[in-house]
Amino acid sequence: MDILQILLNGIVLGSLYACIAIGFSLVWGVLNIINMLHGSFIILGGYLTFFAWQYSGMNPVVILPIIAIILFGLGYGLQYFFINKVVMAPVLTTLTLTFGLDMILYNLMTVLFTATPRRVTLDLGTLSVGDLYLPIDRLLGMGLALLLTAILFLVMRASKIGRAIVAVRMDRQAATLMGIRVNHVYAITFGIGALMAGAAGAIFSMVFPITTNLTGTFLGKAFVICVIGGLGSVPGALIGGIALGMIESIAGYTIGPQNATTVGFVLMLILLVVRPTGIAGVKGYE
Amino acid sequence: MNMTLKNGLKVAGLTFGLAMASAVTPAVAADDVLVIGAPLALTGGLADEGKKQQDVWKLWLDKINAAGGIDVDGKKMQVKFVEYDYQTDGKRAGQLAEKLITDDNVDVLMAPFGSGHTKIIAAVAERYQVPMLACVASSTSVYDQGFKYLFGTLAPNTGMTESMVEFFKAQKPDLKTVAIYGRDDVFPKSMASALAASAESGGLDVVYNELYAVGTMDHSAAVSAIKSANPDWVYMTGYTQDLILGRKQLSDMGVTSPIITMVTGPAYREFTEGLGELADGVTSSTWWHHSTAYTDAVGPWSTTASFYADFTAAYKSDPDYVHASCAAAADVLVSAVQAAGSKDKQAVRDALAATDILTFYGPIDFGDNGMNQGREMPIIQVQGDAIKVLYPESIKNADLKMID
Amino acid sequence: MTEILRLENVGKQFGGIHAVNNVSFSLEEGEIIGLIGPNGAGKTTLVNLITGVHPLSSGKVIFAGEDVSRQQAFQAARRGLARTFQIVQPFPKMTVLENVAAGAMFGGGSTSVQEAMVLAREELEFVGLAHVADTAASSLALPNRKRLELAKSLAMRPKVLLLDEVNAGLNATEIDGALDLIRKIAARGVTILIIEHLMKVVLSISQRILVLHHGELIAQGDPRTVIEDPQVVEAYLGSKFAARVKAESHHA
Amino acid sequence: MKQLLCFGAFALWVAMIAATPLLADNYTIRIAISVSMFSVMAVSWNFIGGFTGYPSFSTAAFFGIGCYAGAIAQRNGVPLVLAWMFATILVAVFAALLGAIILRLKGHYFAIGSIAIVELTRLITSSWGSLTGGGDGLNVPLLQGNPQEVAGLVLYVMLGILVLAFVTSVYVDRSRLGFGLKCISQNEDAANMVGVNTTAFKIVAYTLSAVFCGAVGAVYASWVGYIDPTDSFSILLTLKVPVMVLLGGAGTLLGPILGTGVFILLEEIFWANFLEWNRAILGGIIVFLIFFLPNGLLKIQYLQLYAAVSRKLSIGSSKSGAGS
């Protein structure tokens, strides 16, 4: 029975992990930017949700779209006014820039919100089937995560902006010739990345304590998931997230929680070298 | 001639960025001002703890200033704090400790939160032979290096775990098994291993004993393993964020142990706030709780109650052991300066070593290794909205409740 | 004449697709050989296989009597198997001279930076780029970039030079200049394999021709015979062109 | 001429740092030690990040392993200097082996991989408790002597390593190795084609970027007397070092040293004056650097800048003169 519970834990946790990575993966895949701000975006989303909940008493699920839109605006602005200026520069430049921006955002958050861990204490209880336990808030989080992923997948495939993003990703110059405003598309892509991070934060505010101390942890998970799942595709991030959730869950149970995180990183390095396209091996958002 | 050359070079050094303005003209403190240096983590991972130290010292200093300073050898001496933010960065902490000693000429250092950073600063203080008070470091590994200038107001972890095992066994005679789950970090790890040792020598069966890495985001795997071990007692250590998540997951995964202890969870307001109803029933041990009631204490607060009253008036929340221990450290320092009759570092150091006083926080008597010894540390439990003291008998205000 | 390079049943698959299949031929020292074939026939892949850019899937490459099938690109360069690229690959931020010096230093085995610079200057004289030696490589126009590519390869003291579409993008006068240069290189005793689109150019310069089609070598031999080969006509030249070439050669 | 200027500037700088124990107080010496230590790491990073153009973020891994190797050796009775050398060699070997694996990656993948190395080494150090003390950290035997002597000793050792690193970088810059590395940074395929053994060259560059970091790590551990995994393998450090090099000018000889000096000076000023906002201000500096100094301080055309500014000033003054 234990094994089933472990696998179940892994899948639920993995879906939440996928939530962390999707926006990051999109930005990397399309803009070719390693976004060091991503962890802080998630925490910002979490904090905003917490305070909105605290003052209004509204359910985080209701607050989520508002938070997501705010984060989209923030992401769009940052890309449009800052990152776009160096978007074609080598990775060192863009990574350093987003790191600098992250230092600013991080500092703002610690001053405004302090480092105190916050959590939306809406404990929804647990669903139990026989010996198996499924926390309802996590289940809800997983549902939301999958829903958001599905929406993003559809947007990328079927909408005009989605096609524009794919076009820009495939060939920037050709896209420009086709009349696509590349800077605008980049800003929208980065905005969507931030939006997904904000949504993840809103979901997490019910599941994990939110504190600025976690920004690095989230960012690290995003790295690992992206590499495991394969870069730059929505399904890749989902597969990577669930894979990491399962791996950590199984490793935590078998070789102990102390080394569970290590296993993820080791696997990531091995995959980087052996199979950089990730286990999903998908390329692009087509 | 020689002097001008030297000065010229100094100016050059400044221009080239090596020297700060303050380095060229060190602020020489007057004899009648006691300068206390404190590197604090005001940003970064330990920002909350740093803030607590800053708050309580401000309160303490206001109190001292209101009295016009402290009486030393029949004269009034002023007290001043010099604080810097070391951003929860160990390299920076050491650097700032050196700055405090050499630039700001502090007479004594206060260590920041945590055993790890205390170690770094203790090494600097020892080198300069500046007395240092560690108010939030309880791991014996901090004190077993033979440092002569280091004194700690918290008592050793082992004292805490032994009395806890005994107390729970007395309260729940059928207590047989315990699961221990600790964060792999100086203090939480030492608590976890101290409890494992105490539990074994107390005849308990340790059915699960694991550490989790710093940066662990989720505890499902460990909680599932604990669940299948079905212990009578779950003992978890970590930072507040870890403990909130751990408690929630224990409940989510249907762990039904009647005793759940989280160190130092309930000692912090953030813990109960972050958990809501789930906090109910969680026990912990702590070095101090505001329901203790010492009277006739030295320092600006002669009773625990007066400290509590002042603190709640100023900050609208309950003080925890960090606040109390840090304020008490300042009291100890003042009493040592008074005993020494001056702020001479060697004299103050010797006076500290000879300290045996009662503060609002409790008795303080440093052992050979510089650690405060022989205090009965309270065991506390969250009961409803309140934190109740279960032990020691002298200050208890509730009985242990099992979690159902 | 001695054999300098021999391919034995060389093949390469990219995920199940045979880019090059069972190709065998040999080059004699000092000759100029043309390699032709339609787009996608595997010409560049073949050059990549010879120079160790891609590992072989099957077969052997023998260079100067030595089996070099498993060599890496830099080893090929050091052995004297130099190449140029269809799309020129300069070091953009270095000067023209430094670009050539890189060839001398690593492929040509110069022991010091100074020696490499001296050698590089000679090669720049040879290809006619001495006047732009100290300008940045990125500022050169295409014809000069092609020359730079050649100078860089020559500085590597090659025994065999593989020229991939060295005339692509050049106009008629520029091509004539390039062909003169290639003949001058051949006169130095360097064996040349030239991949070329323009039949006229190939015919005028090559002593022998290889024809690649769908990764397979469908014909080889002296130019006249090859262009009359019905298989070649079918696959590549088109009957009209074959007829014209035939007519021209009869008149001559 | 230009090179003489470069060496002169470096010699002057080293002399000034070396003079601090005679002139300034111990806090200034501590900053001088910091400057030397970070300069070593910046010069080291320049081998892989500047010359070779690989965005490496593994500096903290090398530094951290240096810390731990030195500390563990010393705790096991190895004499001080031998312990430092042991740490240095171990880090070099580690970097060479690691380089053989991760240098197959390029661009973003390499960047991510190299950051992951820092996190991984931290996690392993943390969980290998029997050797490293785990999360408890390690106490390192304190250097004997009064504070001035200890600070002086540490400073001169760090400076010695800096001189060594700088001389190495000068040598590399002028040698075949440096030439090959620059070829790789501009076009790796083409470099391979002209006969550069790119794999070997990159491994050498990566190892060079590690070896001196290992040395300063070991010295640092002896100096502070206590190390723990979070501080030794710090992501902040691994990101700060490239920023310092970029600030001065990547791929130049003096750039890393200039950048480190300026960065630490700014850091000091902001730390002292803006208690709560120093992190944001540093972030702001980084953003400024990326937009306005993309090639670093050394590559600014100062003469042109001066000419432009003075022209503007003279226009301004003539205008105001006309107005009066």
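Modeller: Helices here are DSSP runs of H or I with at least four residues, strands are runs of E with at least two, and both are numbered from the N terminus. This is a predicted model, where local features need pLDDT of at least 70, side-chain atom pairs count only at pLDDT 80 or more, and totals for chains, interfaces and linings use all residues. Residues are numbered from 1 along each chain as its sequence is written, while chains are lettered from A and ligands numbered from 1 in the order in which they are written.

Let's begin with chain B. Most peptide bonds are trans, and most residues other than glycine have a negative phi. Go to the segment after β15 (386-391) of chain B, where B:P392 lies: the bond into this proline from B:Y391 is cis, with omega near 0°. There's also a cis bond from B:V263 to B:T264, again with omega near 0°, and B:T264 is in the loop that runs between β10 (259-263) and α11 (269-275) of chain B.

Now phi. B:N105 isn't a glycine, yet its phi is positive, near 50°; look for B:N105 in the loop between α4 (90-102) and β4 (108-110) of chain B. B:Q129 isn't a glycine either, and has a positive phi of about 55°, in the loop linking α5 (115-128) to β5 (132-134) of chain B. With 17 other C-beta atoms within 10 Å, B:N105 is partly exposed (buried means 20 or more other C-beta atoms within 10 Å, exposed 12 or fewer, partly exposed in between, with C-beta atoms placed from the backbone). B:Q129 is partly exposed too, with 14 such atoms within 10 Å.

For strand layout, hop over to chain C, which has ten helices and ten strands. Six strands make an open, mixed sheet in the order β6-β7-β8-β3-β9-β10 (chain C), and strands count as paired if DSSP finds at least two bridges between them. β6 (81-83) and β10 (216-221) of chain C are at the edges with a single partner strand each, so one side of each has no neighbour in the sheet.
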